[in-house]
Amino acid sequence: MGGDSMTRTAPHGDGTGIARSGHGRLGQRLSGAAVALGLVLFLGGFAWAALVYRPYTVPTGSMTPTIDAGDRVLAQRVDGDEVRRGDVVVFQDKTWVGNAKVVKRVVAVGGDTVSCCADGKLTVNGKRIDEPYLPEGSLAEFGNFPQVTVPAGRLFLLGDERLGSLDSTAHLTDAARGTVSRHAVSGRVDAVVWPWKGMLERPTGFAPLGALSRPGPLRTIELMIVAGAALVLGGGAYGPVAARLSRSRARTSRPEAAGAR
């Protein structure tokens, strides 16, 4: 007796895998939106950084250990009037080193009196300043200097490596008594980026004398760039992952042959 051969097949739909239910199209839209948003954040972060920051390479070790010779720093573009005590700034003064850019720390501003040393510490407006950024065990200065009254609109600056820094103390006999105009400042160092040392801390030793400056937007910019890269990579990975899942589901739903009966 001849038997009829029957074949059981999986039910057919309009598509396979994710696309069958429409989830694939939704996923593609979401992944496209993630990539677009990621590109905006990623490129916007770099554009913002280019507008706000300027990179510098520090050629000497006068700011060791905060900044070593050859370190690459990011300096926020600021007006000289925004500079506060404790800031590390980039400035240019032809009476110091020709036309070269110089990086030093502001220890006194217009109207302050500054001198050294009292028990090995710098004194500003009669207050002894704790300076944890100095090399461990070092004094605020290796030689005393008399009290200087900083004229209005000017700054008194020192290097963190006091022994070898050609700073305001090396220009005390100048007409400006070692001070530099606020207008000579072109940037405030926010971070050491190569080799990576991170954001510079605001020295709290100056806090009793007045408000310290706030860090720039570098952390926000970093977050934008990292989040943007993650969205671009995640959104871009959706297509290949979805395709692989679709192929896997298609293999499991192939027609099954039933025996003759």
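User: Which ring does arginine 105 lie over?
Analyst: That would be tyrosine 133: arginine 105 lies over its face, 3.6 Å from the ring centre. Keep in mind that this is a predicted model.
User: OK, rings then. How many aromatic pairs are there?
Analyst: The count comes to three aromatic pairs. In one of them, phenylalanine 91 and tryptophan 96 have ring centres 5.2 Å apart and planes at 90 degrees, so the pair is edge-to-face.
User: Is phenylalanine 91 buried or exposed?
Analyst: Phenylalanine 91 is buried, at 1% relative accessibility. Tryptophan 96 is buried too, because its relative accessible area of 11% falls under the 20% cut-off.
User: New topic. What's in the largest nonpolar core?
Analyst: That core has 18 residues, and Val114, Leu122, Val124, Phe145 and Phe156 have the most contacts inside it. At least two core residues come from each of strands S5 (102-109), S6 (113-118), S7 (121-124), S9 (145-149) and S10 (154-158).
User: And what does leucine 122 touch?
Analyst: If you skip neighbours within four places in sequence, its contacts include Val107, Val114, Ile129, Phe145 and Leu158. Lys127, Arg128 and Glu131 are also among them.
User: Zooming out, how many helices and strands does the chain have?
Analyst: Three helices and 14 strands.
User: And how much of the chain is buried?
Analyst: Of its 261 residues, 40% count as buried.

Definitions and conventions
Residues numbered from 1 in each chain as written. Predicted model: local features only at pLDDT ≥ 70, side-chain atom pairs only at ≥ 80, totals over all residues. Heavy atoms only, no water. Phe/Tyr/Trp six-rings, centres within 6.5 Å; stacked < 30°, edge-to-face > 60°. Buried < 20%, exposed > 50% of the residue type's maximum accessible area, 1.4 Å probe, protein only. Lys NZ or Arg CZ within 6 Å of the ring centre and 35° of its normal. Core = buried A, V, L, I, M, F, W, Y, C linked by side-chain atoms within 4.5 Å. Helix = DSSP H or I, 4+ residues; strand = E, 2+ residues; numbered from the N terminus. Contact = heavy atoms within 4.5 Å.
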